[in-house]
Amino acid sequence: MPLTLSDALRANLRASLVGRDDERALFSAALAADTLPFHVIHVVGPGGVGKTTLLREFERIARDAGAATALLDLRDVMATPDGIAAAVHAAFAGAPERARRVLLLDTFEAAQELDGWLQRIFLPGQPAEQLVVIAGRHPPGPSWTADAVWADAVRTLPLGNLSAAEAEAFCTNRGVPAAERPGVLAFTHGYPLALALVAERLRQRPGLPFIPSEAPDVVRVLLDRFLRDVPSPEHRTAIEGAALVRAVTEPLLAALLAGAADAPAVTSLFGWLRDLTFVDDGPRGLVLHDVAREAIESDLRWRDGERYALLHGRSRRFYTSRLLAESHDTALVLGDYVHLYRDNPVVAPLLGPLVGAWRGAAVHPARPMCPADVPALVAMTRRHEGDAAADVAAHWFAAQPAATEVFDAADGTPAGFLTALALDETEAADRAPDPLARSAWAAVERTRRPGERVLLFRFWMDAEAHQGLSAVQSLIFARTVHLYLTVPRLAVSLLPGADPDLWGPVFAFVGLARWPEAETAGGPGVFGIDWRAVPPAAWLDGLAARVPMEVPAPPERIAPDGRVVLSREAFDDAIRDALRTMTRAHLMADNPLLRSALVDEASGSDAGPTERSEALVGHLTRAAETLKAAPRDVPLWNALRLTYLAPAPSQAIAAERLDVPFSSYRRHLVRGIAHVADTLWREETGG
């Protein structure tokens, strides 16, 4: 049988590999044993030390031994339990069940938060004749090494720099001239990626000497020298663009070049990228080594922010076209898109799961709610939002059961849920028990045309954190984005938030505006998008136009003297927002009341942010305390006090401490807020 290209590539890899003799011997001996002496090998080392190269050598050894073999780079797999399980199943499809198998998981740091799930759930269910190799930057945790069940089943292989003799052999294999080797070895200290970069630089500049110099960051210095000598501006664009994205294909490269090169030139540039020693072939395109990617991207962002934003926008517009094309896998392309925001302090904690950045314990992807879930979900709602909300949730679970999706914890219990009501499919009787649904429908029905869809994300919560930051919230927001892009004829989507101060900047970043007309008195803030005015293509393009690290502030109307001029409706909104942040003054920074006449007169027009926040808190406190004067208003004062001035952990607990039904507490709170707003509005307007 004639040799294939794959055979030739494996031969090249074997010829270029140096060192790691002990690691190869350990792996080969385990593979040849009648019974596996252990089942898991952890290969641990910093970026660029050669973990991937070693795994490829393990793959070659296993294939030569006749074992069924699968090598998965977890950067290219959806970093969820289902995603990894599906990838492993597909990789071993057709392999005999009792045959020796080798599973190699590279770049495990991309799925590090699934470590517990892998150990407790996934691996115990794998065949006994399977040897698993996990390569990553972080050593295995105590649960691997201290657990008596796992202690004998695990081996750890820490990788360090090559020895002097191994580094010399590396230079020989890569064609580094003998005269250059002493300087190269002294400069790189046997660090494999550094050796590869030096060899690449010398290969591309034959006859020119390498002049080593002292540098604390070898890779950054080498990349700087390498980029300084790229053949053309198009080559520089290619390598800089590749550092921003997850994987580069020829169509994406053409988009990054924005017409600066014709099709043959793009193919040539793609081939040049592919030939670089720090670029690997991935299943979805070319992938830069992590260390090289981080160094190039951070340097570009620091050195030329405008060019960074330009390439960022080009890549996002490319992904926009893919997201809107039905022929592409939405989940994978959305992951590519969100990868561009991986350093954004607002987006990264929320949509990280799409690029493998899970936080906390393993949580399974969304599944449809089943009848057995209802008691737990109602109890979860009652605990976080009170009895009235729990009754509403139970109503919708019965009226629209398909609207709710559940996210399970590792033990199978609900870790959270999302209820996305199709308001356009409801009748007045369906909405009657839910004031928020009635208000939301009233806000959109006047302009809704036949056949248009309306989504209300009525409930969304984590079992423990409610609407705080968590892995569940990351998955919830990923699901909302998926629905934005896939629900046909979607006209409006509305999302209520119990803490607008926390989520407001996030919603503003992704283009969700405040919809006060959909809100109820004293209820949550409601944010939404009219997709008829901003269709998905325009919405995504708007994200692409933003500076990557920008968190936009809400728009305001500013008078010529610098004061904010607010309508009564906007003033009431600002009062509610200010009350919610009374004990967290740092969150008041964007409240328009800080530049109102009311605060100016109390603090002075030249006062700083701290003085203005203190003045606003003083106004709110004074207005609330006037309720103590009349006995009939004391319940209103108590509701305000335990909600905003000295807040209880939750509104349900506040009602319990006041020894009143939750519905009475909410009624008192609404009237108390209205009193504060009326009092301060009269002072603001002189009425």
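## A polar contact of Gln467

The backbone nitrogen of Ala498 lies 2.8 Å from a polar atom in the side chain of Gln467. A polar contact is a pair of N or O atoms within 3.5 Å; within protein, one must be able to donate a hydrogen and the other to accept it, and residues adjacent in sequence count only if both atoms are side-chain atoms. The side chain of Gln467 also reaches the backbone oxygen of Trp460, at 3.4 Å.

This is a predicted model, in which local features need pLDDT of at least 70 and side-chain atom pairs count only at pLDDT 80 or more, while totals for chains, interfaces and linings use all residues. Residues are numbered from 1 along each chain as its sequence is written, and side-chain values use heavy atoms, with hydrogens and water left out.

Gln467 is found in the loop between strand 11 and helix 23 (471–486). Helices (H or I, at least four residues) and strands (E, at least two) are DSSP runs, numbered from the N terminus.

Is Gln467 buried or exposed? Gln467 counts as buried because its relative accessibility is 8%; buried means under 20% relative accessible area, exposed over 50%, and partly exposed in between (1.4 Å probe, protein chains only). Leaving aside neighbours within four places in sequence, Gln467 is in contact (heavy atoms within 4.5 Å) with several residues, including Glu385, Pro496, Gly497, Asp499 and Trp503.

## The sheet and its helices

An open sheet of 7 strands shows mixed pairing and the order 8-9-10-11-12-14-13. Its edge strands, strand 8 (367–368) and strand 13 (513–514), each pair on one side only. Two strands pair if DSSP finds at least two bridges between them.

Strand 12 (residues 490–497) and strand 14 (residues 525–530) run antiparallel and are joined by 6 bridges. Gly497 stands opposite Gly525 in strand 14. Helix 22 (residues 435–445) packs on the sheet and touches strand 11 (453–462), strand 12 and strand 14; its direction makes about 150 degrees with that of strand 11. Helix 24 (residues 500–509) also packs on the sheet, touching strands including strand 13, and its direction makes about 15 degrees with that of strand 14. Axes are lines fitted to C-alpha atoms, for helices over the stretch in contact, and angles run from 0 to 180 degrees between N-to-C directions.

## The protein as a whole

The protein has 31 helices and 14 strands. Of its 687 residues, 52% count as buried.
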